[in-house]
Each structure stands twice: as C-alpha cells, then as structure tokens.
Amino acid sequence: LVVAGLALNSFTHYVYLARCTSLAPQFYPIKSSSHFVTQRMTSSSAIRHFTLTFDRQMHSFRSMRILQSRRSFVSSSISSSDNGTTSENVNANRKAQTLRLQRFYVRPETFETSNFSLSKEDSRHALKSLRLRVDDAIEVCDGQGRVKRARLVDVDSRRTDATFEMMSSKEENFHPFPGRVKWDVVCACAGIKGERSSVLVEKLTELNGRALVPLLTSRSGKIGSASASGKNASKGGSSSDNSIGRSKRRKDEEEEDEETGKELRWQRVALAASKQSLRAHVFGIEKPVNFNDFVSSTYFREATCRFVAAAGGADFAEKLRGVKEDILKDDDEITKERYGLIIIGPEGDFDDDEMKVLMDTCETISLGDLRLRTETAAIASLSIAQMITNV
C-alpha cells in the first residue's frame, strides 16, 4: 500500500486502485483484442494497467463533454439567430412607435380646408397635456381611413384654442380597414348595468372590431330611445291634458336624458378608445335594432359568416379555421370585402322562438362550459375571431 500511495499522484487514483489491488498477487481480467483473458499479474503491473485504463476513461469523458458543449453551442446559435431576427423586429417597431405623431379625429369636411381648429377638449389636450408648440406636427384622421399631417401655426393667449394648417396633399394617406374579415358584434347588451357596458365598447374597439350592433330581444329591454317592440321610447306619454301641460323643466330633463343616454356614452367611449389604439377607422355604434328586423335584413343575409354563441355549440376555433381556408382559396381574397357577425344573447339568453330562428340561419358556437356574462362572451369571441382569421 505504501508503494502504491507513492506511485499515484492523486487521491482519485488511490481510491480507484484500492478497490482493485492488494499486496498479494491476484488474477486480474485484461481485455485483449478479441476476448477477455486471465493473466497472473503483480501489484505493480496492476497499478500500471488500471492507471492507464483510468486515464483513457477520463479522456473519453472529456471528449464527450466537449462534443456536447459544441452541439449545445450550435443549437443555441441557431435559436439565437431566430431570436435575433425577432428582437430586431421588436426593437424597430418600438422605435417606430416612439416616432409616431399624435392622432386627432376631425370631421371629414376638415380635409378640404387649409386651416382648422380642434375642439376645446382636444385643444386643451394638445397644448397642456402634450405641450405642443408652434410648428409641431400632428396627424388628423376622419375616422374613415383618411390620415393627413397638420402643423400647429397659432395658439391663443389662454392656450385653450389651437389652430393648425394642413400640409401638402401628398402627405395624405388612406388606410383600408385591416383584416381579411371585418367583425361586427351583435349583442343584446341592454341588460348590462353600470360601467360594464362601457368596458364592452372599449375592449371591442381595442380588439379592432368594426361595429357594435345593440340587439333588442324579448329579454333585453330597451336601449335609449329604442325598445324591443320597435316603438320610440320618447313617445311613451299620453295625450291627456296633464301630459300636455307638463312643465318646461320636466321637458328639459327628458331631453337631457336622451342626449346623455347609453348610445351617446358608448360613442364617446368608442372615440376615446379609437384614439388610444391609433385606429384609422373609428369603432361604430349602430342604432339598436329589433330582433325580427335584424334577421330579415339584407345586412344579416349578406354576411360572409354568422355565428351565435350557445351552450353545446361547435368548436369556435375549428369553424374559424374553415372560414380562413375558404378565404385563402378565393381568387378575390384581397379585393373582396367580407364581414362576419358574432351574435351574443342577453343574460337571460334568447327565448325558444328566437333561438330556433338563429339555429336555422347561423352556426352555433361554444365558448366553454362556464356561464359567461354578456360582455365577457362578446370580448372573448371577438378575440378568438381576430386571432384566427386576421393574424
């Protein structure tokens, strides 16, 4: 053991040797070129044999580790090249976003004038929040796809009115509505209470929906001046002397209620969300429509696809993939205008007669096994439709 300890220069060799050798001569298996043979060896020959074998094993181990590291380096280089391309795109888009001009919406006729002023609210936002100065540029949009650059030329002393000058007509661009399919959400949203209806409009705008069509059903009540029976809500009074002799204050209050109803509030929310999203087309808030008028309209019949959310319906994603495949096979994929309808019922669901009509004319889709609120179902369905058909 003393001779063995002096011959080895590492503790690892010593442990390996101590397992295999002793002072007395023993038989050790030696691997020949073709088979194992038994040979009588002394302790010193065993030391040399196992030391050489250990070194060979360590060399093979190091070679294997080097090979693995090279393979991992090559694979990481390939993935890093892909990530590098993605990173370049992300960085370029981030930089482009910082260089984009602030966008304001104006009336379409403003594009025909040379000088114009923004509304008081927009002027206050441009001058006090954005701190625009004379000669600073902005983008103006008519909400229908036309975008043009304008330059700030004058500010009043109170900084509440900003006058802009339209730049050359060469600076005008038209942006068609993006996507293969323009999605309209037909939603029985009269029963949505509080701010939830505003959240519905805001998210549908940010998800690039084209319009919200409030649907009046037997269980959805009325919205603003419209009711499910088709009667104007503002004509609900009688012709008695008492109703004719109502005070002027009462009339003014009713007119104010009509002007600040859900429809106008939704329009304000849609405009604000369109500004935030830098949309070239403002999200539309259509007039409430009666169920029977809706299903018998040309707008309903000419839709490219019609889906109604219902428990037990088909897989929505599979249906949308089929729609996308049909569009890609069409020769007029780019030029042809297509729009789809996503129909969401009220919180009490459609009644049996309404559901029968929809099942005969639309495809039923499922959004899962859980019971969803009306606004949740509308937002989720539009998200799925946009991701599959328009990305």
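Biologist: Is Ile343 buried or exposed?

Modeller: The general idea is a cut-off on relative accessible area: buried means under 20%, exposed over 50%, and partly exposed in between, with a 1.4 Å probe and protein chains only. Ile343 has 0% relative accessibility and therefore counts as buried. Please keep in mind that this is a predicted model, in which local features need pLDDT of at least 70 and side-chain atom pairs count only at pLDDT 80 or more, while totals for chains, interfaces and linings use all residues. Residues are numbered from 1 along each chain as its sequence is written, and side-chain values use heavy atoms, with hydrogens and water left out.

Biologist: Where does Ile343 lie, and which residues is Ile343 in contact with, leaving aside its neighbours within four places in sequence?

Modeller: Ile343 lies in strand 16; helices (H or I, at least four residues) and strands (E, at least two) are DSSP runs, numbered from the N terminus. Contact means heavy atoms within 4.5 Å, and, once neighbours within four places in sequence are left aside, Ile343 is in contact with Val186, Leu215, Phe294, Phe300, Phe307, Val308, Ala309, Phe350, Leu358 and Cys362. Thr364 is 21 residues from Ile343 in sequence, with a C-alpha to C-alpha separation of 9.5 Å.

Biologist: How many residues does the largest nonpolar core have?

Modeller: In soluble globular proteins, nonpolar side chains tend to be buried together. A nonpolar core is a set of buried Ala, Val, Leu, Ile, Met, Phe, Trp, Tyr and Cys residues joined through side-chain atoms within 4.5 Å. Here the largest has 34 residues, and Trp183, Val201, Leu212 and Phe307 are those with the most contacts inside it. Among the elements that give two or more residues to this core are strand 9 (182–187), helix 5 (196–206), strand 10 (211–216), helix 8 (262–277), helix 11 (316–329) and helix 13 (374–389). A second, separate core of 19 residues includes Ile343, together with Val213, Ala303 and Cys362.

Biologist: At what angle do helix 11 and helix 13 pack?

Modeller: Axes are lines fitted to C-alpha atoms, for helices over the stretch in contact, and angles run from 0 to 180 degrees between N-to-C directions. Helix 11 and helix 13 pack at about 40°, with their axes 9 Å apart. Angles under 35 degrees count as roughly parallel, over 145 as roughly antiparallel, 65 to 115 as roughly perpendicular and the rest as oblique, and helix 11 and helix 13 are therefore oblique to each other. The contact is made by Phe316, Ala317, Leu320, Arg321 and Lys324 of helix 11 and by Ser381, Ile384, Ala385, Ile388 and Thr389 of helix 13.

Biologist: How do the residues of the contact of helix 11 with helix 13 divide?

Modeller: By convention, Ala, Val, Leu, Ile, Met, Phe, Trp, Tyr, Cys and Pro count as nonpolar, Asp, Glu, Lys and Arg as charged, and the others, Gly among them, as polar. The residues of this contact divide into six nonpolar, two polar and two charged.

Biologist: At roughly what angle do the axes of helix 5 and helix 13 cross?

Modeller: These axes come within 10 Å and cross at roughly 5°, which makes helix 5 roughly parallel to helix 13. Helix 5 contributes Arg196, Val199, Leu200, Lys203 and Leu204 to the contact, and helix 13 contributes Glu375, Ala378, Ile379 and Leu382. By class, this contact has six nonpolar, no polar and three charged residues.

Biologist: Where is Ser220, and is Ser220 buried or exposed?

Modeller: Ser220 lies in the loop between strand 10 and strand 11 (222–223), and, at 4% relative accessibility, Ser220 counts as buried. Leaving aside neighbours within four places in sequence, Ser220 is in contact with Ala188, Ala190, Gly191, Leu215 and Pro346. The C-alpha atoms of Ser220 and Gly345 are separated by 8.5 Å, although these residues are 125 apart along the chain.

Biologist: What is the phi of Arg159, and what is that of Leu278?

Modeller: Arg159 has a phi near 55°, a positive value in a residue other than glycine, and Leu278, also not a glycine, has a positive phi of about 60°. Arg159 is placed in the loop between strand 6 (146–155) and strand 7 (162–166), and, at 34% relative accessibility, Arg159 counts as partly exposed. Leu278 is found in the loop between helix 8 and strand 13 (284–285), and, at 22%, Leu278 counts as partly exposed.
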